[in-house]
Amino acid sequence: MSLDAAAVQQKIEEKFPGKVTSAELEVVDPFLVVDVSTIVEMCTFLRDEPELAFDMLHCHSAVDYLPPKAPEDARIELVLHLTSLKHRHWIVLKIMLPRENPKMPTLEGVWPTANWHEREAYDLFGIEFEGHSDFRRLLLPDDWPGYPLRKDWEWPDEWHGMAVKPTEKMAERAQKGEQIGVGPFD
Amino acid sequence: MALKRPALEAQITNALSAAVIAGAAGALVLIAMIPTVAGLIREQLGASLSPTMASVASAAIGVGATVFLITQLPIFLIWLERKIAAHIQDRLGPMRVGWHGVLQSFADGLKLLFKEDIIVDGADRFLFKLAPFVTVMGAFAAFAVLPWGDGLVISNINIGLLYAIAITSFGAIGLLMAGWASNNKYALYGGMRSAAQMVSYEIPTAIIILTIVMQVGSLNLQDVVVAQQGGFGNFTNWFIFRLHFGFLPLNMIGFIVFFICGLAETNRNPFDIPEAESELVAGFHTEYSGMRFAMFFLAEYGAMFFVSALGAVLYLGGWSGPFVSGPISLFFKSLLLVFVQMWLRWTLPRLRVDQLMSLCWKYLIPICFVVLIGVAIAGVIGS
Amino acid sequence: MSTPTVYKDLEPDETYAFKPEDLEEDEMILNMGPQHPSTHGVLRIELKTDGEVVKDSRPHIGYLHRNFEKHAENIDYQGVIPFTDRMDYVGSMANSLSYAVAVEKLMGIELNERVQSIRVLVSELQRIASHLLAIGTYGMDIGAFTPFLHAFREREKILDLFEWLCGARLLYNYNWVGGVSHDLPEQWTDRTRVFLDEFAPVIEELDQLLSHNKIFTARTATVGIIPPELAVGYALTGPNLRGSGIKWDIRKEDPYCGYEKYEFDVPVGQGRYGPIGSCWDRYYVRVEEMRQSVRILRQALDVLPAEGDVHESVPKRVKPKAGEAYGRTEAPRGELGFYIVSDGSLVPMRVKGRSPCFVAMSIFHEIAKGEMIADMIAIIGSLDIVLGEIDR
């Protein structure tokens, strides 16, 4: 029996009073903002409760908010899209994390798919997931500087001797008389 | 979409293609005429030289002819395989190098000659260089006992079949050497798999050959052929049509088992895991390039032809063919079996190594024993 | 703040997850390296093997990581579409469709019937083309070389249709926000019908040649079993999930582009030659899906309205209000979703591509334990991964 977002919110608030910080139910994809402190128990409840049965975490994203005009709103949001195959309903949960040292407990015990998704979030945003079984970068090389998808990430000049920011480096080398544009890393 | 070629290039290509095709046709004619030619040569030698010198000279001529055949044959077989593969796969194959690609094998051989000879760092140099030669020897030395016609056999020894099986086992050593000496884990896997496979499939091969030996009463390949002569048009007496024990066509089953074991011995699909292209890059010959790789290729096609020729001798009458006897008959029968081998390669998927082993040990060997017992009982009842 | 550039040249051992000192006797670390004929892209799998049996495995991805999500934050909404094409380069109509659906959901754009029908036509043709490639290369990995060429012959016909339609054979930039880029040429529908008539017997031929071949089923039907709970836990979707027996198809659950109007079945793995959820089930779900796609295509060709401007709903400037939306479609490889966050400007704030192959690759180490090396290839082929989509 398919539940809408308001009913899901009600069920969560019955079990975890005060942990749903806010909710936007009138937008295209209604979402609930939840507190990070009891996130693992809440997710386990969402998965196991027979009427909710959110057994698939089908999208796990992190979004970096750095509004230039409202710096107090700066945050990293972790957005979880959950689907129930049995009841055919879905919900969006959001977790607000600070931009410095974002940390939260890992969800891979609840949905095993979170393993790689959390590694990717760490790789690109720097979010630390406590208790993760295999905590290392996934897509980028192990010694890549910084977390690229953050809004304030700066391009490094070079990495292992290869030019990352091409224009200035190429201009420098051209001035020295080197022939540029012929090698694989130009 | 035909490419416009410069006139000179077209002329040269056409001339070379014509030469190659004429050469192939000439070779076929020569094979057909070998009995008469051999008779003439024997007379001449017998007239001019002493008997020992004559036999030595005729053996030398025989060796020369056989070596010429088995070194030129892979060139033709490679072209044939590419064309058969292409037509099974709904495409045309080599069309550009020569008329319908007849010059392709020559071009590829020339290219391989010019490639850089790379020996891998850390490889066992002596074994690395030796392995192709051992494999080639295992494929080609067995041709010494193959009978091409009445009195046309290089070495008419009494233990011909035993010699043939023994020599083909050399191929396994060559592959193992190649896999080990390459200092490459993939090649090692290929070498190990091939050793296990070839050694296991020796057993059903030997048992099936034993059934034929029991029916003929001798290990001499010439005797095997002679035992199949006679009958209508010289083919109803072939072993493949004989010996129906109740409702079981024992020799037919034996032929099929022999053919399967032949595929396994020469590492052809569906038993080509040692060189499984999609799993092990190229298996035991991953690190080989240039002419060394060409020798492995040569050995594979030579062994393919030999196994087909042996199957033809054991079951399909050898050189005593349907209505026409002589080398041409054996040649065409072997070519037919080679065609079936190629056909199977491009149709069937590949067996996994444990399935291959279980096929050999759990299915083929019991079938072989059933055939053996059947032949033995039939022999006792018959006599 | 990005950390200061501190890097060191990695020692060769550091790139391995398994250490030689942890090996037991007879075990070996083998690299199915980034260059391999059968890994469907630049994928590196580290295997710890005991003879032929794989004890543990660790995939390393990221060789094709281009981080299109960062690029998407600097280009306008329409400009992201070529980037999405390059995610799953084998089935790129589906990628741009998914992104367009997501942005249209965010902006609330409604499409006319003709655009919806064209999108369905193109999407199902792409599904057939993608499955042909998956099936052909799977056969080739198992050792049957011929079905690969027959499948590609048919795929060429579809690529010719696409080239006629929009000028490109592989990366189309066809589905735009609010419509499609080109209308159907004259006689395109007739040629498509001719193709469908030629194609239906080819699926039967493929079945006879490969699907029910004893060697093929022996290689695939007992290997790579994914139990349904594991599949759902790892968020598998598409043929990978349906091969384990769960009937879940976004075209039926969350219909888009008018899919609710078409009649088609959702094939599900039934464990015909082995346990449910084997490699063979996933493979055969794809074969059956091709048959269903032919059905949908014939219906779509009949339903296609003759009139309609394909650029009718394409906005001059794509400037959604601040908000977010998640749009998903059934791509050939599973549920492809885009989570788009907009801050009201011309440039998206965040575009996250939810890739079905990413989650399919994450289940690999679970199902590869205890199988043989030859089965690694069978499993990777049955998961039907494309590295462009995994790495984005």
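Predicted model: local features only at pLDDT ≥ 70, side-chain atom pairs only at ≥ 80, totals over all residues.

Me: What's the order of the strands in that chain A sheet?
Reply: It is an open sheet of 5 strands, in the order β1-β2-β5-β4-β3 (chain A), with mixed pairing. At the edges stand β1 (20–24) and β3 of chain A; each has a single partner strand, so one side of each is left without a neighbour in the sheet. On average, neighbouring strands of this sheet are turned by 20° against each other, direction ignored.

Me: And β1(A), how does that one pair with β2(A)?
Reply: In the antiparallel sense, over 4 bridges, with β2 covering residues 31–34 of chain A. Ala23(A) stands opposite Leu32(A) in β2(A). A hairpin of 6 residues joins β1(A) to β2(A).

Me: Nice. Switching topic: which chains share the most contacts?
Reply: Chains A and C do, out of the 2 pairs of chains in contact. Chain A and chain B do not touch, and their nearest C-alpha atoms are 25 Å apart.

Me: How many residues does the A and C contact take from each chain?
Reply: It takes 34 residues from chain A and 37 residues from chain C. On the chain A side, β3 (56–65), β4 (75–84) and α3 (114–125) each supply at least two residues. The most comes from β3(A), with 6 residues. So we meet the edge strand β3(A) again here.

Me: What classes of residue are on that chain A side?
Reply: The side of chain A that touches chain C has 20 nonpolar, 7 polar and 7 charged residues.

Me: What about B and C, how many residues are in that contact?
Reply: That contact takes 21 residues from chain B and 26 residues from chain C. Helix α11 (residues 353–382) of chain B gives the largest share of the chain B side, 3 residues. By class, the side of chain B that touches chain C has 8 nonpolar, 5 polar and 8 charged residues.

Me: Staying with chain B, what domains does it have?
Reply: The domain assignment gives domain 1 (1–114) and domain 2 (119–382) of chain B. Their C-alpha centres lie 23 Å apart. The contact between them takes 22 residues from domain 1 of chain B and 23 residues from domain 2 of chain B.

Me: Which helix gives the most on the domain 1 side?
Reply: That's α2(B), with 13 residues. The helices α1 (7–48), α2 (51–88) and α3 (104–114) of chain B each supply at least two residues there. By class, this side of domain 1 of chain B has 17 nonpolar, 4 polar and 1 charged residues.

Me: Now chain C. How do the axes of α4 and α14 of chain C cross?
Reply: The axes of helix α4 (residues 113–142) and helix α14 (residues 373–383) of chain C come within 9 Å and cross at roughly 180°. Angles over 145 degrees count as roughly antiparallel, and therefore α4(C) and α14(C) are roughly antiparallel to each other.

Me: Which residues meet there?
Reply: From α4(C) you have Thr137(C), Tyr138(C), Asp141(C) and Ile142(C), which meet Ile377(C), Ala378(C), Gly381(C) and Ser382(C) in α14(C). By class, this contact has 4 nonpolar, 3 polar and 1 charged residues.

Methods: Residues numbered from 1 in each chain as written. Chains lettered and ligands numbered in written order. Axes fitted to C-alpha atoms, helices over the stretch in contact; angles between N-to-C directions. Parallel < 35°, antiparallel > 145°, perpendicular 65-115°, else oblique. Contact = placed C-beta atoms within 7 Å. Nonpolar A, V, L, I, M, F, W, Y, C, P; charged D, E, K, R; others polar. Domains from an automatic or database assignment. Pairing = 2+ DSSP bridges.
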